[in-house]
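Please read them with the coordinates open.

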Amino acid sequence: MNRTIEIKIPSDPKYLKIVRRAVAHLCELAGLSRQERNNSMLAVDEACTNIIRHTYKGAPDKLIVIEGTIFNDKIMFVLRDFGEKIDPKTIKSRELNDIRPGGLGVHLIRSVMDEAIYDNTPEIGNQLTLIKYRTKEA
Amino acid sequence: MKINTRTVDSAVIIEPIGDIDLYSSIEVRKTVLSLVKKQVPFLLIDLGRVEYMDSSGVATLVEGLQATRAYGGQLALVNLGSGVKAVFELSRLDKVFEIYENLEEAISKC
């Protein structure tokens, strides 16, 4: 049986810590390694940060829904926002040699997760699916 | 977020306590930029009590690094835990910042 949790938060940065704690605990329940847990926590946090900053443009009262599911071979997080549609083609990491503040979130997400699938086809808003497959050591 | 600040020799040590994310990085930025404004010659960020940092925290420190270098100052990082260090490595910024294992080593470089 798949095990799923759902967290709903306002798009206010003060709630990010709650999301990280929940993600970390779900990863522990899934038996993931410490590194996999930290990576999942970072990816979901960065994805929420991008929603707050780019989709909701800093408005603190919009809705973010995070669904986390434990599968036998992976853990999956689905993030939903209900803001302006973002074209997945425009979501790019910045050049790392260009040392400047900002623009690292997408790079970090793609570095630590096995899959990051951006989808703007829901009727309202956007959806991001993040997947981390279990390693043999986990 | 609680942030301790103290001076040792010519260095000002900033010690944030807790996670540095989109929410708390605002406080860190304020502290760093207030010292940058005073053109402190050596700014040392002690991350020993920071368990988690995201790209907002990294961006804040990059901004501080560039601002200190602009007036000929130095900004260095010390006491990075494995999680925080990993974020700098993933961002390939571990070669951009001066990073020290402990305060004694960092202060000796002032």
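**Notes on the interface and the sheet**

1. Across the interface of chain B and chain A, the rule finds 2 salt bridges. One of the pairs that qualify as a salt bridge is A:Arg20 with B:Asp21, whose closest N and O atoms are 2.8 Å apart. Please keep in mind throughout that this is a predicted model.

2. Between chain B and chain A, 5 residue pairs are in polar contact, both residues being at pLDDT 80 or more. On the side of chain B that touches chain A, helix 2 and helix 3 (82-90) each supply at least two residues, and the largest share, 7 residues, comes from helix 2 of chain B. The residues on this side of chain B divide into 11 nonpolar, 5 polar and 5 charged.

3. The contact draws 21 residues from chain B and 24 residues from chain A, and the two chains bury about 1800 Å² between them, with 65% of that area on carbon and sulfur atoms. Of the area that chain B buries against chain A, 31% is supplied by B:Leu22, B:Tyr52 and B:Leu90, more than by any other three residues.

4. Within chain B, 5 strands form an open sheet of mixed pairing, in the order 1-2-3-4-5. Strand 1 (2-8) and strand 5 (98-100) stand at the edges with a single partner strand each, so one side of each is left without a neighbour in the sheet. Neighbouring strands are turned by 25° against each other on average, direction ignored.

5. Strand 2 (residues 11-17) and strand 3 (residues 42-46) of chain B pair in the parallel sense over 4 bridges, and B:Ile14 stands opposite B:Ile45 of strand 3. Helix 2 (residues 55-70) of chain B lies across strand 3 and strand 4 (74-78), running at about 145° to strand 4.

Notes. Residues are numbered from 1 along each chain as its sequence is written. Chains are lettered from A and ligands numbered from 1 in the order in which they are written. This is a predicted model: local features need pLDDT of at least 70, side-chain atom pairs count only at pLDDT 80 or more; totals for chains, interfaces and linings use all residues. Side-chain values use heavy atoms; hydrogens and water are left out. Two strands pair if DSSP finds at least two bridges between them. Axes are lines fitted to C-alpha atoms, for helices over the stretch in contact, and angles run from 0 to 180 degrees between N-to-C directions. Contact means heavy atoms within 4.5 Å. Buried area is the accessible area (1.4 Å probe) that two parts lose on being put together, summed over both. A salt bridge is a side-chain nitrogen of Lys or Arg within 4 Å of a carboxyl oxygen of Asp or Glu. A polar contact is a pair of N or O atoms within 3.5 Å; within protein, one must be able to donate a hydrogen and the other to accept it, and residues adjacent in sequence count only if both atoms are side-chain atoms. Ala, Val, Leu, Ile, Met, Phe, Trp, Tyr, Cys and Pro count as nonpolar, Asp, Glu, Lys and Arg as charged, and the others, Gly among them, as polar.
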